[in-house]
Amino acid sequence: MEAEMREWCVALPKVELHAHLNGSVRDSTLLELAKQLGDRGVIVFEDVKDVIMKNGRSLPECFKLFDLFHILTTDHDTVTRITKEVVGDFAAENVVYLEIRTTPKNNEAKGMTKRSYMNAVLKGLKAVEDVDAVLFDSILRPDETLSRTPVGDLDGVTKKKKIYVRLLLSIDRRETTSAALDTVNLAMEMKDQGVVGIDLSGNPVVGEWETYLPALEHAKELGIPITIHCGEVPNRKEIQAVLDFCPQRLGHVCCLNDEEWKKLKSSMIPVEICLTSNVMTGGAPSLELHHFADLYNAKHPLSLCTDDSGLFSTSLSNEYYLVASTFSLSKAELFRLAQGAVEFAFVDDEVKKFLRAVFEHVARKGLMP
Ligand code: 5GP
């Protein structure tokens with residue numbers, strides 16, 4: 001029964017709206033990169049190996065780990081490699097639309113600028129081979145689109161899987177106002193290259209809302225959709241400010257008090273729910289007590305997301321399975337949840353039309369309940 005449900009969750013076409021590039025890297029890749037740096041004497045491999053393989057991490061431990069990940073991944077070729085792998089991994093589990101977010105990085109020692117970092121990401125997207133990644137510059141062909149989604153698999157036809165990929169640029173909370181503004185301007189510059197939005201993320205106990213506000217307001221003026229990590233820690237002033245700012249989407253929303261909760265619900269701002277991440281980092285006390293249930297019952301717009309599939313050893317299929325097993329959602333309810341997420345994507349209507357068609361096709365053909 002459990003195996004059948006897990007399989008069904010993998011087969012379900014899914015939409016991923018909250019995945020950090022460097023948090024989604026496979027353990028095996030991280031270990032390989034760590035071994036190479038260990039051999040060159042840059043790090044002590046044995047120490048790093050234990051950190052990478054450890055399961056169950058607190059929020060502060062996660063951010064220490066990201067610093068390590070960035071040592072391992074921050075050169076152009078590696079950024080290209082991990083991008084290619086991450087897209088392939090999501091497509092393999094039938095994610096049909098992926099918004100991958102990443103922080104453009106300046107790294108003088110590697111001759112890296114925010115722009116060259118993003119060029120390395122774009123190179124990775126174009127290098128995807130095992131699956132058909134539909135990028136910003138692809139021509140959409142409706143007949144092909146339907147035949148090469150997971151629908152093809154469910155029909156018993158084995159074809160290359162198709163995944164639509166778009167990018168969000170993250171502002172790291174450690175950044176200055178000027179660096180945050182650079183990221184927004186870069187997002188604008190790369191609008192025709194698959195960048196569809198701005199994210200505010202990074203260690204939630206670092207930095208001040210006022211530092212990023214000018215950049216977020218600038219993005220708003222430019223018409224760039226924004227998603228903000230909200231309420232990972234009980235910072236009342238900031239939660240209030242974020243809700244007042246009214247971004248297009250919110251991530252996590254863990255530590256809201258009754259009043260903030262009411263405000264969130266009346267705002268109808270779609271929420272990116274990251275179950276495993278929240279439980280592992282202490283944002284939610286347990287799966288059973290996760291705020292997903294309250295928002296779902298209130299019919300609040302939601303999408304299930306992985307956050308950092310590598311870091312938390314999860315997958316989007318697993319997140320759907322966890323919702324089914326914890327909150328007794330039926331297959332039909334899971335299907336509607338996945339289908340509903342299309343509406344919260346930052347992508348243009350043309351692509352949304354194709355994505356809606358994928359779900360309608362699956363439903364019409366009776367391939368899913
Ligand atoms: P990158 O942007 O380097 O591709 O992905 C890793 C970065 O995403 C981290 O350094 C951090 O800034 C951000 N990030 C990943 N997971 C989380 C999370 O759960 N909460 C917050 N606030 N930031 C995160």
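Predicted model: local features only at pLDDT ≥ 70, side-chain atom pairs only at ≥ 80, totals over all residues.
Okay, let's start with the pocket. If you look at the space the ligand takes up, that's the largest pocket. There are 17 residues around the ligand, and the ones that come nearest are His-70, Thr-102, Thr-103, Glu-232 and Asp-308.

So what kinds of residues make up that shell? By class, you get 9 polar, 5 charged and 3 nonpolar residues. And which element gives the most to it? That's helix H4, residues 59-73, with 3 residues.

His-70 has a polar side-chain atom 2.6 Å from a ligand oxygen. Thr-102 also puts a polar side-chain atom 2.6 Å from an oxygen atom of the ligand. Then there's Lys-105, with a polar side-chain atom at 2.7 Å from a ligand oxygen. As for cover, the ligand on its own has 500 Å² of accessible area, and the protein covers 98% of that.

Okay, on to Asn-22. You'll find Asn-22 in the loop between strand E1 (14-20) and helix H2 (27-39). Is Asn-22 buried or exposed? Its relative accessibility is 5%, and the cut-off for buried is under 20%, so Asn-22 counts as buried.

What does the Asn-22 side chain touch? One partner is Thr-73: the two side chains make a polar contact at 2.7 Å. Another is Tyr-117, where a polar contact of 3.4 Å joins the side chains.

That's what I wanted to show, so let's look at the model together.

Notes:
Residues numbered from 1 in each chain as written. Heavy atoms only, no water. Near = heavy atom within 4 Å. Polar contact = N/O pair within 3.5 Å; in protein donor to acceptor, adjacent residues only side chain to side chain. Areas by Shrake-Rupley, 256 points an atom, 1.4 Å probe, with all protein chains shown as cover. 1 Å grid on protein atoms, 1.4 Å probe; cavity = no way out; pocket = protein on both sides within 12 Å on 5 of 7 lines; lining within 4 Å. Sits in = over half its atoms within 2 Å of the grid points. Helix = DSSP H or I, 4+ residues; strand = E, 2+ residues; numbered from the N terminus. Nonpolar A, V, L, I, M, F, W, Y, C, P; charged D, E, K, R; others polar. Buried < 20%, exposed > 50% of the residue type's maximum accessible area, 1.4 Å probe, protein only.
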